[in-house]
Amino acid sequence: RTEVIIYVVERSPNGTSRRVPALTLQAHFEQANIKSSLQQLGVTVSIARTEMSPAQVKQLQQNPPAGVDPIIWEQAKVDNPDPDKLIPLPMVGFKELLRRLKVQDQMTKQHQTRLDIISEDIGELQKNQTTTMAKIAQYKRKLMALSHRTLQVLIKQEIQRKSGYAIQADEEQLRVQLDTIQCELNAPTQFKGRLNELMSQIRMQNHFGTVRAEERYYIDADLLREIKQHLKQQQEGLSHLISIIKDDLEDIKLIEHGLNESIPIRGGVFS
């Protein structure tokens, strides 16, 4: 729907003019023959918009309506977002409250519909932007290819034009400069070597970064408690085993000591 605001100015033959009141104009539009003609043109409803004078607005705001607490009325005037164009309107009864809720619901739906339309437009613009960027990249590649082809044509044309002529001094100087630049670029300790070294370092950092990012473990609290208990039991078992080994070593030392004492006696008997 579209809202159109009109006003009518009546001009008399003597040159004077007056503005037709909105209520009179609205009553004229509500006549049967005029209303049917307007409906054929697409007009659904006509409403008279009247403007209150500053004195009327002041009188209305100073005197709160019947059944409205003066404190609430004063707070309503303070909360008015645009006092020059809006005035507080009391809601009396559940019917008025229901009407206000329906109006707010209708406005919310209209706003949501408008937001959906804007969202669709934004999505369409984003698609167009993506398509445009792809076309720009494609045209850049075509331009680069055409530039190379043009350069090759110019090279061949220059070769044919210089065919049969000796190399000039400036051309020889340019060739020497190009050879020097090529040698500097291909030198192991110059740009090419440094570039290869940087590429190797970047690959190593990416590899280590990926490995470190993947090596992340999370242990449950109950599982961690069981592991600690198991390690404690293993530690106790190792301590007990060490004590047994120490006792066995003491026994072995006693046996060795007894053997060392009995060997000379046996030697004396056999001798």
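1. By class, the lining of the largest pocket comprises 22 nonpolar, nine polar and seven charged residues, where Ala, Val, Leu, Ile, Met, Phe, Trp, Tyr, Cys and Pro count as nonpolar, Asp, Glu, Lys and Arg as charged, and the others, Gly among them, as polar. The model is a predicted one, in which local features need pLDDT of at least 70 and side-chain atom pairs count only at pLDDT 80 or more, while totals for chains, interfaces and linings use all residues. Residues are numbered from 1 along each chain as its sequence is written, and side-chain values use heavy atoms, with hydrogens and water left out.

2. The lining of the largest pocket is made up of 38 residues, and those nearest its centre are E3, I5, I47, A48 and R49. A pocket here is an open set of points on a 1 Å grid over the protein atoms alone, where a 1.4 Å probe fits, with protein on both sides within 12 Å along at least five of seven lines, and lining residues have an atom within 4 Å of a point.

3. Which elements give two or more residues to the lining of the largest pocket? They are α1 (22-29), α3 (54-62) and α5 (94-161), and α1 gives the most, with five residues. Helices are DSSP runs (H or I, at least four residues) and strands likewise (E, at least two), numbered from the N terminus.

4. An automatic or database assignment supplies the domain bounds, and for the protein chain it gives domain 1 (1-50), domain 2 (53-90) and domain 3 (92-163). The centres of domain 1 and domain 2, taken over C-alpha atoms, are 30 Å apart, and each of these two domains contributes at least three residues to the lining of the largest pocket.

5. R19 lies over the face of Y7, at 4.2 Å from the ring centre; the criterion is that NZ of Lys or CZ of Arg is within 6 Å of the ring centre and within 35 degrees of the ring normal.

6. V4, in the segment before β1 (9-11), is exposed, with a relative accessible area of 63%, and its C-alpha atom is separated by 9.6 Å from that of S46, 42 residues apart along the chain. Buried means under 20% relative accessible area, exposed over 50%, and partly exposed in between (1.4 Å probe, protein chains only).

7. T150, placed in helix α5, is partly exposed at 44% relative accessible area, and T150 and L254 are 104 residues apart in sequence and 101 Å apart in space, C-alpha to C-alpha. A187, in the loop between α6 (169-186) and α7 (191-214), is buried, with a relative accessible area of 18%.
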